Amino acid sequence: MRKVLLLLLPLSFSTSLFAQDDTETETEKKDYGKVYGSFESNSQWYLNDKERNLQHPEDPFRSNNYLYVNYQYKKWTAGIQGEAYEPNALLNYNPGFKGTNVGTYYLSYKSEKFEATAGYFYEQFGSGLLLRAWEDRSLGINTALRGGRIVYRPSDNVRLTALYGQQRTGFDVSDGKIYGFDSDFNLDKLLSFEESDVSVGVSYVGRYEKTYIPDPNFDELTNAVAGRLNFIHGSFYLSTEYDYKQKDAVLDIQNKINNNFIKSGNAVLLNLGYSANGLGIDATLRRMENMSFLSEREPTVVNSESTSLNFNDRVLNFTPALTKQHHSNLANIYVYQAQAKVDFQSDAIMKAGETGGQIDVFYDFAPESLFGGKYGTNVGFNASSWYNLPGTYRLVPSEYDTKFFGVGERYYSDINLEVKKKLSESWHTGFYYVNQFYNKEWLLGGEKVHTNIVAAEATYNFDPSKSIRVEGEHMWANADFKNWVGGTVELNLNDKYSFYVWDIVNYGNDDPDKRNNYYNFGGAYRVGASRFAVNYGRQRGGLVCVGGVCRFVPESTGFSFSISTAF
């Protein structure tokens, strides 16, 4: 961490220059700008677990640390983020995150109509199906672009963006060079709409990567374009987007370029909904074909069993799973990851993308109504289903021809119902039912699993800042790990102290030696803009997801500590 602190010292020390003599009048004060930022530290101490035959790694204590400092002066802003992964990053993070170094830095100028950034920056075009540069520390993702970006707003109804850069990977950048242009136009005034909002957008992303393959059947510059439309009228809204990626080499089963397997990619996204008088309906449909878009065509091989793709590294676009984001521990055992790429695993499992959708329906029964009771009742229904693209597939030589409409092999489905009921000023209750189908054979390798999950929770508020929450849940599964049971207790003593304990038990596993229970307990302390947390327990191996994007975590046991603050 010493290297980072020394690099940040000039910025941090400069705050002392801002202090003014108490005798200085308001008119004499000068604007020296302001410094602001944040610090976050996530650490784990891994322990042996004889019951599960787990041995701690060579470095049992590992820590991810981020110090972010910005200095703003009038229309100028400069920032730097120092990162320390000492002595190593947490398990299964990108191996490129190693040691202590400067992660990102930038300098920007922003006026009413013009904005320019040099250094590292984040950006998203439309829904992100072509480009999204972003950071999520819990997932180990930082795909910032290093280069330059210009944003021009000639009016309130027009926004134009142009950029160039190379994508961050670890403490370095990838070889691919990224070019981008995005435009947003609000058409309300042009069309004289008074009760409706209409906007359109057009995007372009180009990736140039020199190839050393003799006589390539694809261009070194891969071009991708997109168009989108957003419409709102009263309680109704609709947005749609179409994306196209020109023909490029498809990776084979070893994640190597197949010069004889050249395919274009495309995606269609449609979202529409209605919300009024206690009723909310939202539906999303998406079809993606060969929409894996990397800043380097071939993912870097980390070891004989994994590549940079396993760490969400060098991914240019954003393809989250469009499914219900459950807060139940058991409902998150079988989570779906979007299938954006062509993936030929065998002559029986050949994938070209995904097609499907989800729908959410919410209704609030008013207080004093038949189903609302004294305090009202909230009911939510969600259903999602995702499939391989229908068509003809051939493994050798690799080829496929998809149909636009229809569905192929089912990957996943989730049908769930939740009812939330306030019984009194102090008691709040909730009931949840989830039915899932997880095609593990096609998604990860394994058995096809059908589950039924029920959960019930109750929260009692002692006063506005003190409460206790209790939840119980059960899963019935016909395959894989079979049945689970779990429970949670959360206690909030005030706005500063909170504690929890939860446990899930795989009591139905066919292998008696694997009927493990995964217990966790811990607490947090909050003061001002700072939060301190400690936890001890067992980590269940599998996918951990945030917002539909997932990271695989291995089984482990130990302590975890986290600190976050803003200044």
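A charge is taken to sit over a ring if NZ of Lys or CZ of Arg is within 6 Å of the ring centre and within 35 degrees of the ring normal. In this predicted model, K263 and Y400 form such a contact. The charged end of K263 lies over the Y400 ring, 4.5 Å from its centre. R132 is placed likewise over F318. Here the charged end is 4.1 Å from the ring centre.

Aromatic rings also pair with one another. A pair of this kind is described by the distance of the centres and the angle of the planes. The structure contains 31 aromatic pairs. One of them joins Y85 and F97. Their ring centres are 5.1 Å apart and their planes meet at 20°, so the pair counts as stacked. Y85 belongs to strand β3 (residues 76–85), whereas F97 falls in the loop between β3 and β4 (99–110). The pair therefore ties together parts that are 12 residues apart in sequence. Y85 and F97 are both buried.

A second example is the pair of Y497 and Y525, which is tilted. The distance is 4.9 Å centre to centre, with 45° between the planes. Y497 lies in strand β32 (residues 497–505) and Y525 in strand β33 (residues 517–527). Y497 is partly exposed, at a relative accessible area of 36%. Y525 is also partly exposed, at 26%.

Ring pairs also build a cluster. Its members are W45, Y519, F521, Y536, F559 and F561.

Terms used. Residues are numbered from 1 along each chain as its sequence is written. This is a predicted model: local features need pLDDT of at least 70, side-chain atom pairs count only at pLDDT 80 or more; totals for chains, interfaces and linings use all residues. Side-chain values use heavy atoms; hydrogens and water are left out. Rings of Phe, Tyr and Trp (its six-membered ring) pair if their centres lie within 6.5 Å; planes under 30 degrees apart count as stacked, over 60 as edge-to-face and the rest as tilted. Helices (H or I, at least four residues) and strands (E, at least two) are DSSP runs, numbered from the N terminus. Buried means under 20% relative accessible area, exposed over 50%, partly exposed in between (1.4 Å probe, protein chains only).
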